[in-house]
Amino acid sequence: MKTLKIFIIIFALSVTAAQAQFTKAELQVSGLTCALCAKSTEKALRTLPFIGEIKTDLIRNTYLITFKNDVPVNFEQISKKVQGSGFSVNSLKATYNFANTKVAENTFNYGGDTYRLLNAADKSFTGDVSFTVVDNGFAPKSVSKKYLGQVTDTAPASGRVYHLAI
């Protein structure tokens, strides 16, 4: 009986912790010139374990991505798949569900990575909030320069630091 109670507590904690995650993203890719280019990039993205659904907008060179529940999202893998298809990420806007996420000093951790909110000004977040990833390789150089010009980070113990703007 005691083992069953411990199992239920661990299960409940893991379910509530799993609610906090990136839910969807708008990925704009530069260099797409035809439907075949878009299709090959979409096919590469679909191989990632956390990608649920992808809708392609050829007019805007944009992929609307819905992430699977309970599978950690990795933006670096998205960038590598796009680059592996011969293109580059022009912008990445993602939506994060802040249920059960602790934000301290405009920073939170997810999936082994650190996310730093650059223009949040100590706001408190609940529910879904959309951000733009402003790091090099995820945003145009002018946007990265605007937000990262005066940022100094200490290297995390593990993972990577992503910089987000609202």
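Visitor: Does phenylalanine 98 count as buried or exposed, and at what relative accessibility?

Guide: Burial is judged by how much of a residue's surface remains accessible, and the cut-off for calling a residue buried is under 20% relative accessible area. In this structure, which is a predicted model, phenylalanine 98 has 3% relative accessibility and therefore counts as buried. Taking the protein chain as a whole, 36% of its 166 residues count as buried.

Visitor: Which ring pairs with that of phenylalanine 98, and how are the two planes set?

Guide: Two aromatic rings are compared by the distance between their centres and by the angle between their planes, and planes over 60 degrees apart count as edge-to-face. The ring of phenylalanine 98 pairs with that of phenylalanine 131; their centres are 5.8 Å apart and their planes stand at 65°, so this pair is edge-to-face. Because phenylalanine 98 lies in the loop between strand 4 and strand 5, while phenylalanine 131 lies in strand 7 (residues 128–133), the pair ties together parts that are 33 residues apart in sequence. Phenylalanine 131 is buried as well, with a relative accessible area of 2%.

Visitor: Let us turn to the strands. How many strands form the sheet, and in what order?

Guide: Strands of a sheet pair through backbone hydrogen bonds, and they do so either parallel or antiparallel. Here eight strands form an open sheet with mixed pairing, and their order is 2-3-1-4-7-8-6-5. Strand 2 and strand 5 are the edge strands, each of them pairing on one side only. On average, and with direction ignored, neighbouring strands of this sheet are turned by 30° against each other.

Visitor: Where can I follow the pairing of strand 2 with strand 3, residue by residue?

Guide: Strand 2 (residues 51–57) and strand 3 (residues 62–67) run antiparallel and are joined by six bridges. Within this pairing, isoleucine 51 faces phenylalanine 67 in strand 3 as its opposite residue, and glutamate 53 stands opposite threonine 66. The two strands make a hairpin with four residues between them, in which asparagine 61 takes a positive phi near 55°. Strand 3 is also joined to strand 1, through five bridges and again in an antiparallel way, with glutamine 28 opposite threonine 62.

Visitor: At what angle do helix 2 and helix 3 pack?

Guide: The packing of two helices can be described by the angle and the distance between their axes. Helix 2 (residues 35–46) and helix 3 pack at about 145°, and their axes are 9 Å apart; the crossing is right-handed. Helix 2 contributes Thr41, Ala44 and Leu45 to the contact, and helix 3 contributes Ile78, Lys81 and Val82. Sorted by class, these are four nonpolar residues, one polar and one charged.

Visitor: Which strands does helix 3 lie across, and what is serine 79 in contact with?

Guide: Helix 3 lies across strand 1, strand 3, strand 4, strand 6, strand 7 and strand 8 (161–165), running at about 150° to strand 4. Serine 79 is found in this helix, which spans residues 75–84, and at 5% relative accessibility serine 79 counts as buried. When its neighbours within four places in sequence are left aside, serine 79 is in contact with Val89, Gly137 and Phe138.

Methods. Residues numbered from 1 in each chain as written. Predicted model: local features only at pLDDT ≥ 70, side-chain atom pairs only at ≥ 80, totals over all residues. Heavy atoms only, no water. Pairing = 2+ DSSP bridges. Phe/Tyr/Trp six-rings, centres within 6.5 Å; stacked < 30°, edge-to-face > 60°. Buried < 20%, exposed > 50% of the residue type's maximum accessible area, 1.4 Å probe, protein only. Contact = heavy atoms within 4.5 Å. Axes fitted to C-alpha atoms, helices over the stretch in contact; angles between N-to-C directions. Left-handed = near helix turned anticlockwise from the far one by under 90°. Nonpolar A, V, L, I, M, F, W, Y, C, P; charged D, E, K, R; others polar.
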